[in-house]
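Please look over the sequence and the structure shown below before reading on. The paragraphs that follow lead from each chain by itself to the places where the chains meet.

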Amino acid sequence: MKVIELKNLSKIYNPDTIPVRAINDVTLSVEEGEFTAIVGPSGCGKTTLLNMIGGLDISSEGSVDIGGVSINEMSESELTTFRLQHIGFVFQAYNLIPVLTAKENIEFIMVLQNRDAKTMQERSDDLLDRMGIKDQRDRRPSELSGGQQQRVAVARALASRPKFVLADEPTANLDSGSTEALLDTMAKLNKEEKITFIFSTHDQRVIDRAKRIIKLVDGEIVSDEPR
Amino acid sequence: MILSLAWKNIWRSKRRSFVVMSAVAIGVWSIIFMVSFYNSMIGAISRNSLQHDYSHIQIHHESYLSEPGLGFQVKKPSMLMKFPSQISDIEAVSARLIVNGMVASPKTNLGIQVYAIDPADERAVTALSGFLTAGDYFTNIKRNPILLSQKLAEKLKVKVRSKVVITVQDLEANIRAGAFRVSGIFHSKSPRINNGVIYVRHEDLSKLINLPDTAFNEFAYLLKDNESLIETKQMMEAKTNNLVRTYREIAPEFDMIEESSTISKQVITVIVMLALLFGIINTMLMAVLERTKEIGMLRAIGMFKSKIFFMIVLETFMISWVAAPMGLMAGFLTNLYFEKNGGLDLSQYAGALEQYGGDAIFYPVIAQSTYFFLMLAVMMTALIGAIYPAIKAVNLKPLEAIRKL
């Protein structure tokens, strides 16, 4: 089942002055349960592509279908709802809310979804357990290591039960140990629960664990290989 | 959780929150202090004029105002004297015969108004006996005693038991003069009384100008409280065809003073609230600026603009909810302190204050509704102050905000 389908997707910055084609005529689809890495040198358009898939950026040309629904024509409010219900985000800098504990950070997205307290409690406990950070539940981000913070961020992304998780350079700020531990956790979730992960990365450790590698150069797909 | 998040957000920058909370608390406190101060001052001026000079209601002959003097005496004075027993809201009455004249001492003479009164009745209405600074209340001099103010005594260079001569015109415009002796010297809170009124017994003046002891041209009534003023006036009007006026009609400056006081209080409140408004806007803008990236993240993961707006407004409200009661409490305690410790003593400005009929010691006066109103005003200010930063927050583009360093 196709989770993401991009057709002739392009992103052109400064179209009226000096046009810069960040993404050029990209067509691809992602099936449910994939563990995909979008790779390429800095400035090749990885993050831009991820942002368009996540509905954070609007394409100049082409279409983005998520679970069979086109997001191109959605209003800002519809996109917000769509992101909340269907997409999980993991950011390079974790972007946790500093005044909330690990558990509260995970539950926050479910508050936005208006889930009941019991569901939130069960889901956050489960995710904390699976991420291996149960004993850090009442700690604030500043009291956690980078790896632990990123696990909280992944747990938060999963808390809303999204169709897929977009992770923009998730290991860029992590040491080797934390990177391996995080990748192990995500790979396990992917294998056991068929959760779809799409990374943008140029971290070889991530690339080595990916099941599909899409290589971008100058905004164009130059290779798309399963492993 | 948004409530909890908003509360926790306030304490991210403790120093900044403390500063803005202090500003709100001090602002509220200063308004309470100023309003109490104004109320006390205006209250004293009104009370002093009311108790020492005009009384609540006065009755004159209907033509007296166009030609003040002996020509237009009140009609049916005996009936007017009975009003306190007929109208329950009347506390006391004093019948007066007022005539312009001259008072002469061996040193100088002055133009004055002579108030011929019944000492017991006048004491009940104006508490005149309580203002004596020297001498006695008409009792130490048997023949033609007179009371005059300290100010007039100094001008005339007389003291208790000194002799003065009062010259007035009788009904036929004949000049009549009589020798009086100073029985007491008083210091009233009314500048008008201090500057030019002397009191004699009605029987002495009526004898001097050859009028019957039922001749009066003014009746002054003290009411039990101010609330029944209009109602009592209407009841009096129904019973007499003399001119009945309340102190507000006699001295329209009361309304002017009260209105200007109200405007002053409003202006002060608005100025303080404006200062708070800009303080709140500045603080919340800083808070939004500092959390640009986080707000971008919240928008990215699916937090609606309305919830972000609500969160910022809630944070502002919470700051005010904490600070305003602190200011109210500080104001309340300050007032309580002055109430329990003899008031705020401004004796060094007593001269200036007396010119306006005020007291040198201020006892804070504030209506309980003012506390409620101030709380409401702070909440409104907080709401207005929150709008601009909240709009800035919701207008952040998630992508651009996340990229901010």
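Two residues are in contact if their C-beta atoms, placed from the backbone, lie within 7 Å. This is a predicted model, in which local features need pLDDT of at least 70 and side-chain atom pairs count only at pLDDT 80 or more, while totals for chains, interfaces and linings use all residues. Residues are numbered from 1 along each chain as its sequence is written, and chains are lettered from A and ligands numbered from 1 in the order in which they are written.

Chain A has seven helices and 10 strands, where helices (H or I, at least four residues) and strands (E, at least two) are DSSP runs numbered from the N terminus. Its C-alpha atoms fill a box of roughly 50 × 40 × 35 Å along the principal axes. The radius of gyration, taken over C-alpha atoms, can be set against a globule rule of 2.2 Å times the number of residues to the power 0.38; for 227 residues a compact globule would have a value near 17 Å, and the 17 Å of chain A agrees with this. Of the 227 residues, 48% count as buried, a residue being buried if 20 or more other C-beta atoms lie within 10 Å of its own, exposed if 12 or fewer, and partly exposed in between, with C-beta atoms placed from the backbone.

Within chain A there is an open sheet of four strands in the order S2-S1-S4-S5, with antiparallel pairing; two strands pair if DSSP finds at least two bridges between them. Strand S2 (20-31) and strand S5 (69-70) of chain A stand at the edges with a single partner strand each, so one side of each is left without a neighbour in the sheet. Strand S1 (residues 2-13) and strand S4 (residues 61-66) of chain A run antiparallel and are joined by five bridges, and here A:Glu5 stands opposite A:Asp65. A:Asp65 also has a bridge partner in S5(A), namely A:Ser70. S4(A) and S5(A), joined by two bridges, form a hairpin with two residues between them, and A:Gly67 in the turn has a positive phi of about 55°.

Chain B has 16 helices and 12 strands. Its radius of gyration is 31 Å, well over the 22 Å that the globule rule gives for 405 residues, so chain B is more spread out than a compact globule. The C-alpha atoms of chain B fill a box of roughly 100 × 45 × 30 Å, again along the principal axes. The domain assignment, whose bounds come from an automatic or database source, gives domain 1 (2-49 + 255-403) and domain 2 (62-241) of chain B, and 51 Å separate the centres of these two domains, taken over C-alpha atoms.

Strand S1 (residues 57-60) of chain B has two pairing partners to follow. S1(B) pairs in the antiparallel sense with strand S9 (residues 218-223) of chain B over three bridges, where the bridge partner of B:Ile57 is B:Tyr221. Four bridges join S1(B) to strand S10 (residues 243-246) of chain B, also antiparallel, and B:Gln58 stands opposite B:Arg245 there. From S1(B), B:Ile57 and B:Ile59 point one way and B:Gln58 and B:His60 the other way, and all are buried.

Where do the chains meet? In all, 17 residues of chain B are in contact with 19 residues of chain A. Helix H1 (2-10), helix H12 (292-301) and helix H16 (398-403) of chain B each supply at least two residues of the side that touches chain A, and H12(B) gives the most, with five residues. The residues of this side of chain B divide into 11 nonpolar, two polar and four charged, with Ala, Val, Leu, Ile, Met, Phe, Trp, Tyr, Cys and Pro counted as nonpolar, Asp, Glu, Lys and Arg as charged, and the others, Gly among them, as polar.

The last topic is the nonpolar core, a set of buried Ala, Val, Leu, Ile, Met, Phe, Trp, Tyr and Cys residues joined through C-beta atoms within 7 Å. The largest has 111 residues, and those with the most contacts inside it are A:Ile38, A:Ala155, A:Val165, A:Leu166, B:Val24, B:Val28 and B:Ile312. Its largest share, 10 residues, comes from helix H2 (residues 14-54) of chain B. Apart from this core lies another, of 51 residues, among them B:Ile90, B:Ala116, B:Val125 and B:Ile198.
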